[in-house]
Amino acid sequence: MPLHFRHEVIDPDPPGSEHDIVLLTDLTGNGLPDIIIGSKRGDYNLMWYENPGWQRHFIANAPDLEAGGVVHDVNRDGRPDIIAGQQWGHKDLYWFECPPNPRDLWTKRLIENRFEKYHDQALGDIDCDGEPELVFVSQRSRVLAYHDLPDDPTVEPWPQDCFHLIAEGIEDTEGLVTCDVDADGRNELLAGPSIYKLSNCPGGEWHAKHFAPGFTQTRVAAADLTGDGQLDIVLAEGESNPARLAICSPPLYEPKLLKTDLFHPHSLAIADFDLDGKPDIFVAEMGLGQNPNPRGYILRNLGDGQFEETEIWHGIPTHEAKVADLNADGRPDIVGKPYNPERHIDVWWNEA
């Protein structure tokens with residue numbers, strides 16, 4: 001099946017600048033994912049676009065938001081909330097409480113204010129207590145840690161006994177995924193090119209397996225790409241030029257290079273774009289005013305660890321792009337936006 005994506009600019013002039021965050025979730029209950037955008041600059045710099053129609057609504061004023069973010073029902077009221085943190089030079093990690101009508105302004109609540117630059121958060125049960133934890137990495141403070149969600153998450157900041165340190169003194173890590181890497185029935189944590197695992201669960205000490213030396217500031221994704229029933233790990237050097245894209249398969253997770261000529265590929269996702277039953281890899285480049293021809297690619301999964309590269313666009317920069325079926329036609333679509341200096345919000349409709 002040939003791949004074809006139709007590009008649509010849903011907002012040619014979004015408020016703010018240095019747009020960092022893209023999150024997709026159904027805020028209205030109509031079964032269609034809405035688009036959440038956050039930026040470093042501007043008033044009411046956290047906003048969302050209602051699907052269908054893409055009417056823009058403001059969420060909150062939260063200056064200096066950093067890339068990453070995650071959606072989770074923090075207060076267990078059945079509505080999706082947002083977790084996001086601040087950039088370099090700032091120390092706040094927030095959750096934003098979704099009101100009964102998500103078109104109203106949301107309440108900003110403080111989780112943590114001891115660390116600096118929260119690039120990436122993830123939710124998952126990583127300590128075997130049957131409840132999801134909020135995992136975060138603080139790049140500036142070189143800390144990897146998690147919080148148990150308190151019984152009353154409106155307490156500001158969250159209680160100290162909810163905090164747990166995983167590692168400190170870490171390298172400039174990006175990319176967080178919670179998943180059962182080794183199929184032992186319990187989740188591990190992927191943090192950049194490292195796997196963190198508890199020696200005993202619950203309890204025990206955290207141990208790190210660093211499997212891709214030399215890869216830094218990576219975007220991370222995981223899926224069974226080779227069809228052997230085990231998860232493979234995909235890394236993209238999101239802050240590098242030239243940058244590498246690699247698949248790392250068990251048991252050794254030695255990187256197998258898929259591309260070596262990318263420009264700041266800060267968008268990485270895995271989905272079955274061609275609907276052949278095998279997960280494919282999506283990766284796309286930034287522009288940053290330096291790359292005149294930023295590209296988006298899908299590496300189609302041919303099976304047995306083989307991939308066929310398809311360029312699905314060129315000339316449009318994107319950053320932190322995410323994938324979801326936006327119109328319920330069964331095909332994964334793509335949402336993205338540039339970081340800087342261009343400003344627009346983009347959808348690529350999968351019309352394979």
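Author: Let me begin with a definition: rings of Phe, Tyr and Trp, taking the six-membered ring of Trp, count as a pair if their centres lie within 6.5 Å, and planes over 60 degrees apart make the pair edge-to-face. Please keep in mind that this is a predicted model.

Reader: Fine, so how many aromatic pairs does the structure hold?

Author: The structure holds 12 aromatic pairs. One of them is formed by Y146 and W206, whose ring centres are 6.4 Å apart with 70 degrees between the planes, so the pair counts as edge-to-face. This pair links distant parts of the chain, with Y146 in strand 12 (residues 143–148) and W206 in strand 17 (residues 206–210), 60 residues apart.

Reader: Are Y146 and W206 buried or exposed?

Author: Y146 is buried, at a relative accessible area of 6%, and W206 is also buried, at 17%.

Reader: Which rings are linked into a cluster?

Author: Ring pairs join F5, F273, F282, W313 and W348 into a cluster.

Reader: And what lies over the face of F163, or of F215?

Author: R114 lies over the face of F163, at 4.2 Å from the ring centre, while R244 takes such a place over F215, at 3.9 Å from the ring centre.

Reader: Switching to cysteines, which residues does the disulfide join?

Author: The structure holds one disulfide, and it joins C128 to C201 with an S to S distance of 1.6 Å. The link is right-handed, with 110 degrees about the S-S bond. It also connects distant parts of the chain, since C128 is in the loop between strand 10 and strand 11 (133–138) and C201 is in the loop between strand 16 (194–198) and strand 17, 73 residues apart.

Reader: How accessible are C128 and C201?

Author: C128 counts as partly exposed at 30% relative accessibility, and C201 is partly exposed too, with a relative accessible area of 22%.

Reader: What about C162, how far away is the nearest cysteine sulfur?

Author: C162 is in no disulfide, and the nearest cysteine sulfur, that of C201, is 18 Å away. C162 counts as buried, at 8% relative accessibility.

Reader: Which residues other than glycine have a positive phi?

Author: Among them are C128, with phi near 65 degrees, and E320, with phi near 60 degrees. E320 is in strand 26 and is buried, with a relative accessible area of 3%.

Reader: What is the volume of the second largest pocket?

Author: The second largest pocket has a volume of about 300 Å³. Of the 18 residues lining it, E171, T173, P193, S194 and H210 are the closest to its centre, and the lining divides into nine nonpolar, six polar and three charged residues.

Reader: And which residues line the largest cavity?

Author: The largest cavity holds about 30 Å³ of space and is lined by I126, R186, N187, E188, K197, L198 and C201. By class, that lining has three nonpolar, one polar and three charged residues, and C201 in it is the residue that the disulfide joins to C128.

Notes: Residues numbered from 1 in each chain as written. Predicted model: local features only at pLDDT ≥ 70, side-chain atom pairs only at ≥ 80, totals over all residues. Heavy atoms only, no water. Phe/Tyr/Trp six-rings, centres within 6.5 Å; stacked < 30°, edge-to-face > 60°. Helix = DSSP H or I, 4+ residues; strand = E, 2+ residues; numbered from the N terminus. Buried < 20%, exposed > 50% of the residue type's maximum accessible area, 1.4 Å probe, protein only. Lys NZ or Arg CZ within 6 Å of the ring centre and 35° of its normal. 1 Å grid on protein atoms, 1.4 Å probe; cavity = no way out; pocket = protein on both sides within 12 Å on 5 of 7 lines; lining within 4 Å. Points joined across faces, edges and corners; volume = space filled by probe spheres on them. Nonpolar A, V, L, I, M, F, W, Y, C, P; charged D, E, K, R; others polar. Disulfide = S-S within 2.5 Å.
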